[in-house]
Amino acid sequence: MKTLFKNYLLEKAPFTLTEIQTLLNATMLVHYNKGEIIFVQNSYFNYNAFVCSGLVATTALYNSQNYTVGFAPEQHWLGDRQSLLTGTPMHYTATALEDTTLLLMPEDTFEQLRVTIPLFNDLMFTLIQTSLLQAQQRIQNNAILSDAERYATFCTEKPGLAARVPLQLLASYLKMKTETLKALQQTTLGTRALNSVQQRASA
């Protein structure tokens with residue numbers, strides 16, 4: 001599994017073999033079975049996690065209701081940056097939706113390596129900036145797009161992921177009722193919206 005992380009790093013930037021080995025040595029492999037909780041809201045998890053295989057959902061409990069925060073499939077990072085940076089408890093719960101293998105890197109080591117390996121720092125900065133832009137776009141989409149368009153955008157931006165995520169979690173993430181999402185998946189309305197989004201993306 002560490003080979004997957006090595007290949008991921010080499011695809012992102014021209015790391016030296018020494019830098020790659022240093023990063024690999026700073027991680028440990030942990031496997032979670034489907035349905036197993038990785039960390040719990042209001043607890044502490046002082047690791048940055050790279051998803052080698054599987055799929056993780058993050059959810060937040062507010063006013064006795066669960067809200068889906070996001071999904072982390074393979075080759076994505078998992079963690080609560082706000083919690084890690086401020087030392088406050090986690091703001092959400094992470095659960096393995098499939099059998100999942102993570103590479104865990106302690107936060108103090110992670111920050112040290114950002115200093116000693118400039119390419120790693122550049123990569124993390126780029127990923128954080130990208131995440132912020134995606135969060136802003138999601139806020140905008142939730143405000144102006146129809147249910148069908150939000151579903152179609154998700155399918156276009158994250159191909160194949162909708163089929164791996166439980167319906168209720170995906171509906172929560174897309175800010176719609178479960179019944180609405182189910183209907184979209186079963187009718188031509190969702191297909192038309194998906195085709196429209198794909199056409200705009202390729203234009």
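**Aromatic clusters, sheets and salt bridges in a predicted model**

Phe5, Tyr8, Phe50, Trp77, Phe110 and Phe120 come together in one aromatic cluster. The structure is a predicted model. Across the whole structure, the search returns 13 aromatic pairs. One of them joins Phe110 to Phe120. Their ring centres lie 5.5 Å apart, with 75 degrees between the planes, and the pair is edge-to-face. Phe110 belongs to helix H4 and Phe120 to helix H5. The two residues are 10 apart, and the pair links distant parts of the chain. Both Phe110 and Phe120 are buried.

A further aromatic pair is formed by Phe154 and Tyr173. The ring centres are 5.7 Å apart and the planes stand at 65 degrees, so this pair is edge-to-face. Phe154 sits in helix H6 and Tyr173 in helix H7, so the contact ties together parts 19 residues apart in sequence. Phe154 has a relative accessibility of 4% and counts as buried. Tyr173 is also buried, with a relative accessible area of 13%.

The largest nonpolar core holds 19 residues. Phe5, Leu9, Phe15, Leu23, Met105, Leu113 and Phe120 touch the most other members. Two or more residues of this core come from each of helix H1 (2–12), helix H2 (17–25), E3, E8, H4 and helix H5 (118–144). Leu9 illustrates the packing. Beyond its neighbours within four places in sequence, Leu9 is in contact with Phe15, Ile20, Leu23 and Leu123. A second core is separate and has 18 residues, among them Leu55, Leu97, Leu170 and Tyr173.

Strand E3 (residues 47–53) runs antiparallel to strand E8 (residues 100–106), and six bridges join them. Within this pairing, Asn48 is placed opposite Met105 in E8. Met105 is also one of the core residues that touch the most other members.

E2 and E7 are antiparallel and pair over two bridges. Ile37 stands opposite Thr95 in E7. Strand E4 (residues 55–62) pairs with E5 over eight bridges, also in the antiparallel sense. Val56 has Ala72 in E5 as its bridge partner. The hairpin of E4 and E5 has two residues between the strands. In this hairpin, Asn63 takes a positive phi near 50 degrees.

Glu107 and Arg81 meet in one of them, at 3.3 Å from N to O. Glu107 is in helix H4 and Arg81 in helix H3 (residues 81–86), and the pair links distant parts of the chain, 26 residues apart. Arg81 also forms a salt bridge with Glu111, where the closest N and O atoms are 3.0 Å apart. Glu111 lies in helix H4 as well, and this pair is 30 residues apart. Glu107 counts as buried at 11% relative accessibility. Arg81 is partly exposed at 24%, and Glu111 is partly exposed at 28%.

Another salt bridge joins Glu98 to Arg164, at 2.9 Å from N to O. Glu98 lies in the loop between strand E7 (93–96) and E8, and Arg164 in the loop between helix H6 (147–157) and helix H7 (167–173), so the contact ties together parts 66 residues apart in sequence. Glu98 is partly exposed at 22% relative accessibility. Arg164 is partly exposed at 29%. Glu74 joins Glu98 and Arg164 in a network of salt bridges.

Methods: Residues numbered from 1 in each chain as written. Predicted model: local features only at pLDDT ≥ 70, side-chain atom pairs only at ≥ 80, totals over all residues. Heavy atoms only, no water. Pairing = 2+ DSSP bridges. Helix = DSSP H or I, 4+ residues; strand = E, 2+ residues; numbered from the N terminus. Core = buried A, V, L, I, M, F, W, Y, C linked by side-chain atoms within 4.5 Å. Buried < 20%, exposed > 50% of the residue type's maximum accessible area, 1.4 Å probe, protein only. Contact = heavy atoms within 4.5 Å. Salt bridge = Lys/Arg side-chain N within 4 Å of Asp/Glu carboxyl O. Phe/Tyr/Trp six-rings, centres within 6.5 Å; stacked < 30°, edge-to-face > 60°.
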